[in-house]
Amino acid sequence: MAAPLRRKFLDRLTLPERTFVTDALRTETVGGVILLVAAVAALILANTPLSGLYQDVRDFSFGPDSLHLRLSVASWAADGLLTIFFFVAGIELKRELVAGELRDPRAAALPVVAAICGMIMPALVFVTVGVAGGGNLRGWAVPTATDIAFALAVLAVLGTALPAALRAFLLTLAVVDDLGAILIIAIFYTTHINLVALGLSFAGLAVFWTLHHKGVRGWYVYVPLAVVIWSLMHASGVHSTVAGVAMGLMLRCTVREGEECSPAERVEHRVRPLSAGLAVPLFALFAAGVPVSGGALGQVFTRPETLGVVLGLVVGKTVGVFGGSWLAARFTKAELNEDLAWADVFAVASLAGIGFTVSLLIGELAFPGDPRLAAEVKAAVLIGSLLAAVVSGVLLKVRDRRYRKLCEEEERDEDQDGIPDVYELDSPEYHLRMAAIHEAKAAEHRRLAEVAAAAESGDDGPA
């Protein structure tokens, strides 16, 4: 009786999964670069003579008072635009649970354990530093989130290749991180609850689910309904981004007869560019504008709350993700992909220390009554993310040649049928096509050899 094959950690993706990951991360990479530009612009605006104008725009309030929606521009960005981001995150999570890496509990164990450990360790680091320094512990969740868009922007700026398995691992970490973040926000950063508004928002979600599963289509139905659900969730006291995740999770990810793609895939394809290219960068523009003078930077490394954020992102994330991956692989007896090394997992774990969008949001929620401390925590997020980017960039650059070779092998399509060759090595048709290609090349070389021989014999003949 043959021994069962041992599962592999970071094994090659299936072709549909690889295609999805590639398309999704391509959009996130572009959005990440825009996000990076928005963050730099915010820092420039907040630290130049334009800071007064920047603060006036950020603090300008508008909206109906009667609906409790008279919010500042910054709050509209955090509560409104980020709902789009979490809506996409909800779709990603639903897809991962139905058709992605999380559909098989045994295969999901490794990235889920890595992601959970990658949230627990930064929180423990923050609490340890906070207790030792007598700091405010409400910001314990700030360093727990990974920003996939910012991480990919760093890779794009550095020009570093990353094999599909590592990219998928990073994406899965981010998806689980987003779920954890929304649970943390809903449970730990909800100060009061209006049960009537919360009940009505749940009723709106039920209507959303019913219409969707009855096959009702049309943005003019769902967009107004989504706005009502969001407004009620906001009025309930629960952070309004929870509504986005809930609606994303309700979309159907399976394909029915006569459909080319599922509704979730169709909606995500349309909304993801809006999230990555507009919603998140605008949030960053109004959230990342903090003073970064020499004195402020010095306080980041002396105040327990801010030092806890920096160490949580740089040390806690790396140790948590890597340690969780190693322990999960050891106890599940999963073998690491032979094309990769544990050094690669460590590099990706350090890349997961880049926390931006959700970390900034939690920083605002953790210290609502202390704007100065909230601003210092935001500066700590920026510094911690920058340090994590530098460390991961160095580690990834060391292996860049190996990564590029693996990426070339993943992309090679010598038979030009639109499918990478690595996915067809067990196909007889592929080998027959390659045989025909090589036979045609051999025939051409024989013809050229005959031409060369004829020319050579003509040159050797009598003048």
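This is a predicted model: local features need pLDDT of at least 70, side-chain atom pairs count only at pLDDT 80 or more; totals for chains, interfaces and linings use all residues.

Colleague: Is C261 buried, partly exposed or exposed, and what value decides the matter?

Modeller: A residue is called buried under 20% relative accessible area and exposed over 50%, with partly exposed in between. C261 has a relative accessible area of 22%, so it counts as partly exposed. C117 is likewise partly exposed, because its relative accessibility is 23%.

Colleague: How many helices and strands does the protein have, and what percentage of its residues count as buried?

Modeller: There are 17 helices and four strands. Of the 463 residues, 48% count as buried. The C-alpha atoms fill a box of roughly 100 × 60 × 55 Å along the principal axes.

Colleague: How does one check the length of a helix, taking α8 as the case?

Modeller: The expected span is 1.5 Å times one less than the number of residues. Helix α8 covers residues 219–236, which is 18 residues, and should therefore span 26 Å; its end C-alpha atoms are 25 Å apart, in agreement with that expectation. After α8 comes G237, whose phi is positive, near 100 degrees.

Colleague: Which elements do the buried residues of α8 pack against?

Modeller: The buried residues of α8 include Y222, L225, I229, W230 and M233. The partners of the buried residues are β3 (71–72), α3 (73–98), α7 (195–213) and α9 (241–250).

Colleague: What are the contacts of F286, leaving aside its neighbours within four places in sequence?

Modeller: F286 belongs to helix α10, residues 263–287. Its relative accessible area is 14%, so F286 is buried. With those sequence neighbours left aside, F286 is in contact with Y54, V57, R58, V73, A74 and A77. For the protein, among contacts between residues at least 6 apart in sequence, 79% join residues at least 24 apart.

Colleague: Which residues form a nonpolar patch on the surface?

Modeller: L179, L183, I187 and F188 form such a patch, with about 380 Å² of accessible area together. I187 is found in helix α6, residues 164–188, and counts as exposed because its relative accessibility is 57%. The protein exposes about 22200 Å², of which carbon and sulfur atoms supply 66%.

How values were computed
Residues are numbered from 1 along each chain as its sequence is written. Side-chain values use heavy atoms; hydrogens and water are left out. Helices (H or I, at least four residues) and strands (E, at least two) are DSSP runs, numbered from the N terminus. Buried means under 20% relative accessible area, exposed over 50%, partly exposed in between (1.4 Å probe, protein chains only). Contact means heavy atoms within 4.5 Å. Patches are made of residues with over 30% relative accessible area and no salt bridge: like charges are joined within 9 Å, nonpolar side chains (Val, Leu, Ile, Met, Phe, Trp, Tyr) within 5 Å. Accessible areas come from the Shrake-Rupley method with a 1.4 Å probe; for residues, only the protein chains shown count as cover. A salt bridge is a side-chain nitrogen of Lys or Arg within 4 Å of a carboxyl oxygen of Asp or Glu.
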